[in-house]
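Colleague: I would like to learn how to read a model of this kind, one feature after another. Could you take me through it, with the general idea given before the particular case?

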Amino acid sequence: FANEGLARFRLVPYQKCDVVSPWASAKAIRDASSIFGKVDYGEYIVDLNTFVSYYLQAKQDENDNLCADYEATCQGKCGGDDDNYYDDCMKECYAGYGCTIY
């Protein structure tokens with residue numbers, strides 16, 4: 001069984017991230033289980049292209065949601081009639097909140 005072109009990832013419940021890192025090795029999880037009790041997680045193996053595609057889509061969705069959260073704030077700061085100023089102001093405002101508009 002060759003693992004070329006595959007991505008292995010683990011989903012750890014949010015409440016357990018401080019106990020077991022999602023990047024922990026299987027041995028580290030076994031060790032944590034003996035100390036903290038059962039550690040629930042799901043481990044998955046998928047095609048690398050599928051993983052990258054969904055990862056990039058999730059990052060885009062995260063960015064879009066972040067931008068939506070600050071849209072009204074930035075519009076209030078950047079209101080005006082000058083379209084060039086408005087566009088530049090909005091990009092700068094969004095960037096201040098860690099959001100990128102395209």
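**Reading the chain**

Modeller: Of the 102 residues in the chain, 18% count as buried. Please keep in mind throughout that this is a predicted model.

Colleague: How should I read the confidence, and in which helix is it lowest and in which highest?

Modeller: The general idea is that where pLDDT is low, the predicted coordinates should not be read in detail. Here the average pLDDT of the chain is 81, and 75% of the residues score at least 70. Confidence is lowest in helix 1, residues 26-36, with a mean of 71, whereas helix 2 has the highest, at 92.

Colleague: What is the secondary structure of the chain, and in what order do the elements run from the N terminus?

Modeller: The chain contains 3 helices and 2 strands, and from the N terminus on they follow the order β-α-β-α-α. As for contacts between residues at least 6 apart in sequence, 54% of them join residues at least 24 apart. The accessible surface comes to about 7900 Å², and carbon and sulfur atoms account for 52% of that area.

Colleague: Which residues make up the largest nonpolar core?

Modeller: In general, nonpolar side chains in soluble globular proteins tend to be buried together. In this model the largest nonpolar core has 8 residues, namely Cys 67, Cys 74, Cys 78, Cys 89, Met 90, Cys 93, Tyr 94 and Cys 99. Two elements, helix 2 (48-78) and helix 3 (83-96), each give two or more residues to this core, and helix 3 provides the largest share, with 4 residues.

Colleague: Where does Glu 92 lie, and is Glu 92 buried or exposed?

Modeller: Glu 92 belongs to helix 3, and Glu 92 counts as exposed because its relative accessibility is 62%, where the cut-off is over 50%. The C-alpha atoms of Glu 92 and Cys 74 are separated by 9.0 Å, although the two residues are 18 apart along the chain.

Colleague: How many salt bridges does the count come to, and which side chains meet in a salt bridge?

Modeller: The general idea is that side chains of opposite charge can pair when their charged atoms come close. The count here comes to 1 salt bridge, in which the side chains of Lys 59 and Glu 62 meet at 3.0 Å, N to O. Both Lys 59 and Glu 62 lie in helix 2, where they are 3 residues apart, about one turn of the helix. Lys 59 is partly exposed, at 40% relative accessible area, and Glu 62 is likewise partly exposed, at 48%.

Colleague: Which residues form a nonpolar patch on the surface?

Modeller: Leu 48, Val 52, Tyr 55 and Leu 56 form such a patch, and together they have about 360 Å² of accessible area. One of them, Tyr 55, lies in helix 2 and counts as partly exposed, with 44% relative accessibility.

Colleague: And what is Phe 51 in contact with, leaving aside its neighbours within four places in sequence?

Modeller: Phe 51, which lies in helix 2, is in contact with Ala 7, Phe 9 and Val 46 when those neighbours are left aside. From C-alpha to C-alpha, Phe 51 and Phe 9 are 9.2 Å apart in space, while in sequence they are 42 residues apart. Phe 51 is partly exposed, since its relative accessible area is 29%, which falls between the cut-offs of 20% and 50%.

Definitions and conventions:
Residues numbered from 1 in each chain as written. Predicted model: local features only at pLDDT ≥ 70, side-chain atom pairs only at ≥ 80, totals over all residues. Heavy atoms only, no water. Core = buried A, V, L, I, M, F, W, Y, C linked by side-chain atoms within 4.5 Å. Buried < 20%, exposed > 50% of the residue type's maximum accessible area, 1.4 Å probe, protein only. Salt bridge = Lys/Arg side-chain N within 4 Å of Asp/Glu carboxyl O. Patch = residues over 30% accessible without salt bridge, like charges linked within 9 Å, V, L, I, M, F, W, Y side chains within 5 Å. Areas by Shrake-Rupley, 256 points an atom, 1.4 Å probe, with all protein chains shown as cover. Contact = heavy atoms within 4.5 Å. pLDDT = per-residue confidence, 0-100.
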